[in-house]
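Please walk me through this structure, one part after another.

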Amino acid sequence: MDILIINGPNLNLLGKREPAVYGSTDFEDYLNGLREKFPGDRLEYYQSNVEGEIINALHEADGRYGGVVINAGGYTHTSVAIRDAIGAIGTPVVEVHISSILSREEFRHESLIAPKCIGSIMGFGLDSYRLGILALKK
């Protein structure tokens with residue numbers, strides 16, 4: 001299966017940013033491990049700190065990938081536009097979060113994108129991405 005992993009703002013800082021919350025592993029290293037765990041699948045990765053670029057990536061994913069795993073970062077709680085982009089494409093999307101957004105600050109408790117995704121996985125550290133891929137493959 002061809003799967004696109006999209007990371008939103010500040011996730012380019014994984015391994016450096018708040019290691020107590022996000023861990024100390026850089027995403028590129030984690031992605032290499034994911035590719036080893038799913039050798040029969042093509043996992044592509046896209047990260048942007050820019051809302052419009054994430055929307056463009058979702059549009060371009062439609063029909064090109066069997067699924068998308070997205071961690072929209074802070075845009076999870078603020079972006080109607082990313083929500084609309086997910087709803088506009090036919091490709092299934094799984095929302096993932098490294099931390100449990102429900103155990104963090106109150107403003108993080110609501111996900112605007114969750115209702116447009118086929119499911120949400122949170123709180124399992126970077127393993128949330130692996131679980132998201134498994135959900136898409138099921």
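Aspartate 127 has a relative accessible area of 28%, so this residue counts as partly exposed. Keep in mind that the model is a predicted one. Arginine 130 has a relative accessible area of 23% and is therefore partly exposed too. The two residues form a salt bridge, with the closest N and O atoms 2.6 Å apart. Both lie in helix H5, which covers residues 127-137. They are three residues apart, about one turn of the helix.

Stay with H5 and look for its buried residues. These are Ser128, Tyr129, Gly132, Ile133 and Leu136. Seen down the axis of H5, the buried residues fall within an arc of 140°, so they line one face of the helix. What do the buried residues of H5 pack against? Their partners are the strands S1, S2, S3, S4 and S5, together with helix H2.

Five strands form an open sheet, and the pairing is parallel. The order is S2-S1-S3-S4-S5. Strand S2 (42-47) and strand S5 (119-122) are the edge strands, each pairing on one side only. On average, neighbouring strands of this sheet are turned by 20° against each other, direction ignored. Strands of a sheet pair through backbone hydrogen bonds, in a parallel or an antiparallel way.

Now take strand S3, residues 67-71. Is this strand mostly covered or mostly open? It is mostly covered: five of its five residues are buried. Gly67, Val69 and Asn71 sit on one side, Val68 and Ile70 on the other. Both faces of S3 are covered.

S3 has a partner on each side in the strand order. Strand S1 (residues 2-7) runs parallel to S3, and five bridges join the two. In one of these pairings, asparagine 7 has asparagine 71 of S3 as its bridge partner. Strand S4 (residues 93-97) also runs parallel to S3, joined by three bridges. Valine 68 stands opposite valine 93 in S4. Valine 69 stands opposite valine 94 in S4.

Go back to S1 and follow the chain onward. Which loop holds asparagine 10? It is the loop between S1 and helix H1 (19-22). The phi angle of asparagine 10 is near 70°. That is a positive value in a residue other than glycine. Asparagine 10 has 38% relative accessibility, so this residue counts as partly exposed.

Salt bridges remain. How many does a search of the whole structure find? The search finds four. Another joins the side chains of aspartate 2 and arginine 42, at 3.1 Å from N to O. Aspartate 2 lies in strand S1 and arginine 42 in strand S2, so the pair ties together parts that are 40 residues apart in sequence. Arginine 42 also meets glutamate 44, side chain to side chain, in a salt bridge of 2.0 Å from N to O.

How exposed are these residues? Aspartate 2 counts as partly exposed because its relative accessibility is 29%. Arginine 42 is at 35% relative accessibility, so arginine 42 counts as partly exposed. Glutamate 44 is at 27%, and therefore partly exposed. Salt bridges that share partners join Asp2, Arg42 and Glu44 into one network.

Technical notes. Residues are numbered from 1 along each chain as its sequence is written. This is a predicted model: local features need pLDDT of at least 70, side-chain atom pairs count only at pLDDT 80 or more; totals for chains, interfaces and linings use all residues. Side-chain values use heavy atoms; hydrogens and water are left out. Buried means under 20% relative accessible area, exposed over 50%, partly exposed in between (1.4 Å probe, protein chains only). Helices (H or I, at least four residues) and strands (E, at least two) are DSSP runs, numbered from the N terminus. Two strands pair if DSSP finds at least two bridges between them. Axes are lines fitted to C-alpha atoms, for helices over the stretch in contact, and angles run from 0 to 180 degrees between N-to-C directions. The arc is that of the directions from the helix axis to the C-beta atoms. Contact means heavy atoms within 4.5 Å.
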